[in-house]
Amino acid sequence: MTTIAELPPGFADKVLSAQSTFRSVMDAMARPGSVQRIVPMAGAPAAMMRGAAAIALTLFDHDTPLWLDARMAESAELVKWLKFHTGAPVVQDTSIASFALISDGAALPPLERFALGTNEYPDRSTTLILQVDRLDSGRSFELRGPGIDGVATLQGSIKPFDLFERLRFNEALFPRGIDLVLVADDAVVAIPRTTRVASKGS
Amino acid sequence: MNAPAYNFAYLDEQTKRMIRRAILKAIAIPGYQVPFASREMPMPYGWGTGGVQVTAAILGLDDVLKVIDQGSDDTTNAISIRKFFAKTAGVATTTSTHDATVIQTRHRIPEAELNANQVLVYQVPIPEPLRFLEPRETETRRMHALAEYGLMHVKLYEDIARFGHIATAYAYPVKVNARYVMDPSPTPKFDNPKMDNCAALQLFGAGREKRIYAIPPYTQVVSLDFEDHPFEPYRFNAPCALCGAENSYLDEIVTDDKGGRMFVCSDTDYCEGRQAAGHHGSLSAAPYKEKAGSHG
Amino acid sequence: MYVAVKGGERAIENAHRLLAHARRGDQSVPELTLDQISEQLGLAVDRVMSEGSLYDRELASLAIKQARGDLIEAIFLVRAFRATLPRFGASEPVDTGAMRVQRRVSSTFKDIPGGQILGPTFDYTHRLLDPSLAEGFVPEVPATAEASTAATPRVTDILGRDGLIESSPEAEDGASVGDLTREPLNFPADRDLRLQNLARGDEGFLLAMGYSTQRGYGRNHPFAGEIRFGEVEVEFFAEDVGFAVPLGSIELTECQMVNQFKGSATEAPCFTRGYGLAFGQSERKTMSMALVDRALRARELGEETLAPAQDEEFVMSHSDNVQATGFVEHLKLPHYVDFQSELGLLRKLRKEFAEANTPDAMKEAAE
């Protein structure tokens, strides 16, 4: 059994690292498709990428119910690390989660199971943090929408393969919807609900 | 006694997390007002507490902060807020629009075009554009949910019927990304076009009313109008008396009690920059005298 | 030649120095100590603690001193300090039934178990200015008696035993209590949030709202079931040790109003409740609060909501004096940019009006 002393550490400088990580995520959200780097490194449990760990330390706390996919939930060390460093309550019910952490994209639950917000309070929706293989090469996608000057191109190796087809339901749902943050190691890309994604060449 | 000890940028980390989460949702839903648990700040509600909380939540050591009120870095409230962050966050401050990475503003958008490395933080007194038409939050929330903005159009139309024009000169409502009607804060309508397709991220903080909203970069922002009564920005028709600018928003300075007026740029950094570059106004000329029909 | 106004920074510094000077007043007069404020202006301290949401007599006294006796300013200072404090959790509910009572009156029964206790009160003083207080006043030794061991059950509990008053809602186990300083307020708001809002609300505002219900704007037939003031224990359930640990005791005033009865074909008629609670001795505040709490229950009790005091959005949005004073006073800040825009529009409209009303135009119109 892992003791707290054996857990990977959190941020060395909580205040400044959280600020810097937030700015990367904010820039990612404001400029969909742009690849932002997460600089400050925290320790991370084995099943978690460094970028995802930094985001967790920056945004999660007692007030943010958290849903973990099966691969993450089965790591006792990861669950303990999250609880110790963030205090976020882990929930089984996707529909009440503020955040969902997903390491196994192939097993991503249907998106409509997450909180989509209401028309009155569209902000009460789950932010999905999805770990992917790469965000520097792979299939090409064209992104359009607020935050993008015309068209942005994203290259990535992303599972599930039909992620962006599934995400298309955001268009009809708006202002409700799902906001997505993709993480590959220390790289972060955000796809807020306003972004329209098409496979390049298709 | 429990002597106070304050965190970097004043706010505690838990509060910053809460505000940061609200900012992310605000960016994801352009123009929608995200409720947030605004804190009591060490300055009065109505004096920029919303803007200050947003700035405090985003500000880092590498940032260069500019604070303006009425377009000027030198108004007392701008000085007070700038000093607050210099003291609590130790960040570099500037009066140069170009050098700033974060600009907190009350009532103006700088004249210089903003770039993609900048964030503009607005102080907002009443974030709800429908509030003066419908005082109840429960009602206005429903209207936004249904995108039911007829009331606003009726108001604007009644203005036209009564005055021949839309009688809103500041806090002129806009529609963001073709969905949410949004209050741009009490900026003069002259500034409205600058919000459209802007390269910088625009964040709005209303502390007393506990709302945060945003316009992502390169987002469509349209001032509400009618085909036969199109939106028109207003600017007093005179060059700046100091720098000669023909395209900047002007402050009216009363020079005597006999109708003497002069008009100078409200954006002091812009004006000083032009003067330094050799532009001149009519300083030496006699101050402008008000006479019938000469104002624009 | 015109030079734009500069030097705001020095102006601010000088203004603050002048303020410090004015605050101190004539320096040949001894300076106030915090103890003097806490001991001799105790009700001001109680109000600042209540509306500042922070139980600390010393800090409240400091705030009053710093604010030159402006209580809303002092409340603001305390609130701003409070906002930076880390939270460890919520205390266990305090038991006001077990209060060490210093004062306790009921207007509904002549005598009650534990007795009526007048205590330190302005009631029945003749409001005649007392010159002997001006200097060197030494009060008489208060009358004392053996402390009573009799319990002082709450009057509403006595009524409740016979079902004459609606039962107090029991908290659900494990349900969290709302906190409007930590979550944004949404409407309709539950009673926990309403009571928190009222407890922090401006005494003058609540007084006026409560008064308005008595004058018929949402009348709810109140009787002062009981007003009690005294000390209660505060306990905190510490998860690590697994039981509630005493943190100390605080002074509270509680007012329970017995109001207009309700009833229906399926429900036996019974009185309803209005509740007020505040730090220290704050009777006017808690009585007003109880009246407004009852008025705000109109929706829940199926009453028509016609009066301002029954309108929760109206009451809750305007009760907070720190918010209100900030926004009213912000009108002092420069508004020249928006005023200029308004001025431009007004000049344009006036010009068009003048043109439309010149004799020429009138002639044309007549043709």
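Reply: Begin with burial: a residue is buried if 20 or more other C-beta atoms lie within 10 Å of its own, exposed if 12 or fewer, and partly exposed in between, with C-beta atoms placed from the backbone. Helices (H or I, at least four residues) and strands (E, at least two) are DSSP runs, numbered from the N terminus. The model is predicted, and local features need pLDDT of at least 70, side-chain atom pairs count only at pLDDT 80 or more, while totals for chains, interfaces and linings use all residues. Residues are numbered from 1 along each chain as its sequence is written, and chains are lettered from A and ligands numbered from 1 in the order in which they are written.

Me: Why does helix α4 of chain C count as largely enclosed by the rest of the structure?

Reply: Helix α4 (residues 57-66) of chain C has 10 residues and seven of them are buried, so the rest of the structure largely encloses it. The buried ones are C:Arg57, C:Leu59, C:Ala60, C:Ser61, C:Leu62, C:Ala63 and C:Ile64. They pack against α2 (34-40), α3 (42-52) and α5 (71-82) of chain C. Just after α4(C), C:Arg68 has a positive phi of about 60 degrees.

Me: Is B:Thr75 buried or exposed?

Reply: B:Thr75 counts as buried because it has 21 C-beta neighbours inside 10 Å. Its place is in the loop between β2 (64-69) and α3 (76-88) of chain B. For what B:Thr75 touches, a contact means that the C-beta atoms of two residues, placed from the backbone, lie within 7 Å. Leaving out residues up to four places away in sequence, B:Thr75 touches B:Asp69, B:Gln70, C:Gly8 and C:Pro334. B:Lys25 is 50 residues from B:Thr75 in sequence and 32 Å from it in space, C-alpha to C-alpha.

Me: How do I read a strand?

Reply: In a regular strand the side chains alternate between the two faces of the sheet. In strand β3 (residues 99-102) of chain A, A:Phe99 and A:Leu101 point one way, A:Ala100 and A:Ile102 point the other way, and all are buried.

Me: Which strands are joined to β3(A) by bridges?

Reply: Two strands pair if DSSP finds at least two bridges between them. Strand β2 (residues 66-68) of chain A runs parallel to β3(A) and is joined to it by three bridges. β3(A) also pairs with strand β4 (residues 127-131) of chain A, in the parallel sense, over four bridges.

Me: What is the strand order in the open sheet of chain C?

Reply: The order is β1-β2-β3-β4 (chain C), four strands with antiparallel pairing. β1 (100-105) and β4 (270-279) of chain C are the edge strands, each pairing on one side only. Angles run from 0 to 180 degrees between N-to-C directions, and axes are lines fitted to C-alpha atoms, for helices over the stretch in contact. Direction ignored, neighbouring strands of this sheet are turned by 30 degrees against each other on average. Strand β2 (residues 223-238) and strand β3 (residues 243-262) of chain C run antiparallel and are joined by 15 bridges. C:Phe229 stands opposite C:Thr253 in β3(C). Helix α9 (residues 283-296) of chain C packs on the sheet and touches β2, β3 and β4 of chain C; its direction makes about 140 degrees with that of β4(C).

Me: How is chain C divided into domains?

Reply: Domain bounds come from an automatic or database domain assignment. Chain C has domain 1 (9-82) and domain 2 (96-119 + 150-168 + 181-321). Their centres, taken over C-alpha atoms, are 29 Å apart. The contact takes 11 residues from domain 1 of chain C and 12 residues from domain 2 of chain C. On the domain 1 side, α3(C) gives the most, with seven residues.

Me: Which chains touch?

Reply: There are two pairs of chains in contact, and chains B and C share the most contacts. Between chain A and chain B, 30 residues of chain A are in contact with 30 residues of chain B. Helix α1 (residues 14-30) of chain A gives the largest share of the chain A side, 12 residues. Chain A and chain C do not touch, and their nearest C-alpha atoms are 10 Å apart.
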